[in-house]
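Okay, thanks for making time, everyone. Have a look at it first.

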Amino acid sequence: MTDTSSNDTRAGGDPRPRQGETLGEMGGIVDLGMPVPGGAFDDHNPPDSALIGDCVHCGFCLPTCPTYALWGEEMDSPRGRIYLMKQGLEGEPMTDSMVEHWDACLGCMACVTACPSGVQYDTLIEQTRNQVERHHERSAGEKALRGLIFALFPHPKRLRLMRGPLRAMQATGLDRALRRTGLLERMSPQLAAMESLAPRLGRPEPLPPYIDAIGQRRAVVGLLTGCVQGAFFPGVNSATARVLRAEGMDVVVPQAQGCCGALSAHNGREEEAQDYARRLVDAFDVARVDYVVVNAAGCGSTMKEYAALLADDPAYAERARSFADKVRDVSEILDELGPVAPRHPLEMSVAYHDACHLSHAQGVRAQPRRLLEAIPGLELKEIAEAELCCGSAGIYNIINPEPARELGDRKAANIVATGAQVLVTANPGCLMQVTSAIERSGHPMGMAHTIEVLDASIQGAGAGVFAPTPAAR
């Protein structure tokens, strides 16, 4: 590797070119069969050299990349990160600076949408992160933080246990008092970010195992209740069940379901993600449903990739493929089957925010818009820089709170500029991130999941249910 440490603007010894410099043509990599010994990667699913060779260094990805938009640095762009993967395959050892750039990626997949060459960056970054988690020695602080996150967020029961203390803190104002002291921010910006993102909690809304359709049954669907969605946004699951039922679907809620493995898969914890996937396949196999419906974008994107995740498991490969074929985002299934339940007017304007793992990873963009536009009285407004991530990105806003906050504030400014009364999106992480940023902006507005808007219209609840609540932060 050429020594370009003098070019680094953020970390010592970093091999990135100066802003405006290019890396030259990426070029193909000779198919070596295995990575060069002593390099960054082992021979278990390293970054695919053929996929790396697809990158022609055209730069169409640059305007859509959140970290490139923030820093303007080549190695913090998709093509820069691919260049580092190429070096790792060709024998460069895994360095701290390499990992820094890969860690800085939000995994939003906006570059996949923008790329005219069809580069599968989503596959490449997950392959790379699996290697990083096997071979990179993180600091004690990083290990502790990641250990805490993965001991908590993929576990619905543990999250539900947190509800009581969290609601008590919110009810007494202790959370606001703690925030005003700045103590947690000084101790750990990451823990402070985790606390500040917590939504205002209402009462739990458990769902029964089986919910009958209203009218003629059109399909039997299984509902993923999720981890964060189930614990912190139970109203979204309830609204999902009501809408599916109103649209003629029997809803099965497997009680044995757990985490889908999305957070683990997106952060290099391959074996853990596979374990979660196997358990979820088992839970829904017993349910015998026509479709598996998901209302969290990150979960849906991973579940649709179970065939690849479990491809090397002879006991689950075919079952995973069959399962993935049934997975639908809730907006997909509703758009696919078409409406039968009457819509009542909602006289309000909404700005629709594309969750990255719905729009870029799953390609679901038109369906939620069609559903919203079909509601009488509702005005749909588009957001500038819609392709840029809000900064949530799974656990990114906890691991990297400063850039996540910058991206959140940028997204909030674009949302406020629409003049809309309500912000609508389709992912719990986005709801938490954008709510926090909107509150910082000083321009309160209502917040809702897409399915909650549809539910309000079908139920005839009126637009008043989406009035903004007083900021509590």
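This is a predicted model: local features need pLDDT of at least 70, side-chain atom pairs count only at pLDDT 80 or more; totals for chains, interfaces and linings use all residues.

So, there's an open sheet here, built from five strands in the order 1-3-2-4-5, with mixed pairing. The edges are strand 1 and strand 5 (327-329), each of which pairs on one side only. When I say strand, I mean a DSSP run of E with at least two residues, and a helix is a run of H or I with at least four, everything numbered from the N terminus. Two strands count as paired if DSSP finds at least two bridges between them.

Residues are numbered from 1 along each chain as its sequence is written, and side-chain values use heavy atoms, with hydrogens and water left out.

Back to the sheet. Let's take strand 3, residues 249-252. On one side, strand 1 (residues 210-211) runs antiparallel to strand 3, with two bridges joining them; there, I211 has V251 as its bridge partner. Strand 2, residues 219-223, is joined to strand 3 by four bridges, and that pair is parallel. V221 of the protein is also bridged to V251, A219 has M249 as its partner, and V220 sits opposite D250.

Moving along, strand 2 also pairs with strand 4 (residues 291-294), again in the parallel sense, over three bridges. In that pairing, G222 stands opposite V292.

What about the two faces? In a regular strand, side chains alternate between the two faces of the sheet. For strand 2, A219, V221 and L223 are on one side and V220 and G222 on the other, and all of them are buried. By buried I mean under 20% relative accessible area; exposed is over 50%, and partly exposed is in between, with a 1.4 Å probe and protein chains only. That's five of the five residues of strand 2, so the strand is largely enclosed by the rest of the structure. Strand 3 is covered on both faces too: M249 and V251 are buried on one side, D250 and V252 on the other.

Now a helix. How many of the nine residues of helix 4 are buried? Seven, so helix 4 (residues 96-104) is largely enclosed by the rest of the structure. The buried ones are S97, M98, V99, H101, W102, D103 and A104. Their cover includes helix 2 (66-71), helix 3 (78-89), helix 6 (121-135), helix 7 (140-152) and helix 22.

Leave aside the neighbours within four places in sequence, and N397 is in contact (heavy atoms within 4.5 Å) with A193, L197, G391, S392, A404 and Q433.

E385 has a positive phi of about 55° without being a glycine. A393, not a glycine either, has a positive phi of about 55°. How covered are they? E385 counts as partly exposed, at 29% relative accessibility, and A393 is partly exposed at 22%.

Okay, zooming out. The protein has 25 helices and nine strands. Its radius of gyration is 22 Å, close to the 23 Å that the globule rule gives for 473 residues, so it's as compact as a globular protein of that length. That radius is taken over C-alpha atoms, and the rule is 2.2 Å times the number of residues to the power 0.38. Along the principal axes, the C-alpha atoms fill a box of roughly 65 × 55 × 40 Å.

Of those 473 residues, 56% are buried. And for contacts between residues at least 6 apart in sequence, 77% join residues at least 24 apart.

That's my tour; over to you.
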